Amino acid sequence: MINTDFLKNEAAKMGVSLDGVAIKRFDLLAERLVSWNSRVNLTAITEPDDIVVKHFLDSISPLPYADIKENARLIDVGCGAGFPGLPILIARPDLEVTFLDSIEKKLKFIDDVLESTSLFGETVHGRAEVLGADSDFREQFDVATTRAVAPLNVLAEYCLPLVKVGGIYISMKGAEDETALGSKAIKELGGEIENVVSLKLANGDSRNLIMIRKISQTATKYPRKTKKIAVQPL
């Protein structure tokens with residue numbers, strides 16, 4: 001399905017080592033993605049090399065820069081078809097990954113991939129602003145990730161309430177630097193911007209990885225209701 005040598009070599013250039021089992025799982029993920037996409041609208045990216053670069057390599061790009069401890073709990077917020085969560089889990093099968101999305105059909109795809117690849121993960125049908133107020137999820141995760149187009153100040157309110165003190169929220173963004181936009185909200189929510197990594201993917205696309213450390217508990221008034229977050233972002 002995909003050029004596995006290309007995937008392995010480009011991942012190695014990024015500082016991510018993929019063994020034979022991981023490579024086979026990535027190939028199966030690509031096959032399942034294209035198969036499901038013929039019936040369910042999961043992605044506009046269906047060419048094999050584009051899948052490798054724009055989904056797989058993009059998704060695992062934070063791994064060399066984020067010190068994620070073994071067996072850490074990670075939540076992929078607004079995971080869609082499982083990116084970045086599925087590639088991260090394939091590269092780091094020791095992690096406990098929770099996939100959160102409001103669209104159930106995409107979670108069913110993720111369940112299918114998890115079963116097909118013999119990987120363990122949890123899918124949760126819901127919204128981050130609801131789970132962020134639920135004691136079963138609030139401040140329970142070592143890592144939160146997003147690969148979303150929403151502004152950083154909005155994403156921070158969805159994600160930081162889910163992260164433990166001492167944990168990290170990784171906001172995966174495009175070429176734009178949103179640190180100024182998000183800094184006030186991040187501080188209000190108990191975080192601080194620890195690092196911003198600028199990199200280019202194999203196709204030349206630019207990325208900014210914003211690493212946000214949770215340094216204190218989030219005030220109980222956050223996250224607010226969806227409409228409030230949208231109308232009056234921090």
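Helix α5 has 14 residues, and from its first C-alpha to its last it reaches 20 Å. That is close to the 20 Å expected at 1.5 Å a residue, where the expected span is 1.5 Å times one less than the number of residues. Helices here are DSSP runs of H or I with at least four residues, strands are runs of E with at least two, and both are numbered from the N terminus.

Before I go on, this is a predicted model, in which local features need pLDDT of at least 70, side-chain atom pairs count only at pLDDT 80 or more, and totals for chains, interfaces and linings use all residues. Residues are numbered from 1 along each chain as its sequence is written, and side-chain values use heavy atoms, with hydrogens and water left out.

Which residues of α5 are buried? They are Lys106, Leu107, Phe109, Ile110, Asp112, Val113, Leu114 and Thr117. Buried means under 20% relative accessible area, exposed means over 50%, and partly exposed lies in between, with a 1.4 Å probe and protein chains only. The cover over these α5 residues includes α2, α4, β2 (96–101) and β3 (121–125); cover is a matter of contact, meaning heavy atoms within 4.5 Å. After α5 comes Ser118, with a positive phi near 60 degrees.

Next, α2, residues 20–37. This helix has 18 residues and reaches 26 Å between its first and last C-alpha, close to the 26 Å expected. Its buried residues are Ala22, Ile23, Arg25, Phe26, Leu29, Ala30, Arg32, Leu33, Trp36 and Asn37. Among the elements that cover them are α1 (4–14), α3 (48–60), α4 (85–91) and α5 (104–117). An α-helix has 3.6 residues a turn, so residues three or four places apart point the same way.

Leu181 is partly exposed, at 44% relative accessibility. Leaving aside neighbours within four places in sequence, Leu181 is in contact with Pro151, Leu152 and Asn153. Leu181 and Leu152 lie 29 residues apart in sequence, yet their C-alpha atoms are 6.8 Å apart.

Now the whole chain. It has nine helices and seven strands. Its radius of gyration is 17 Å, close to the 17 Å from the globule rule for 234 residues, so the chain is as compact as a globular protein of that length. That radius is taken over C-alpha atoms, and the rule is 2.2 Å times the number of residues to the power 0.38. Of the 234 residues, 54% are buried. Among contacts between residues at least 6 apart in sequence, 68% join residues at least 24 apart.
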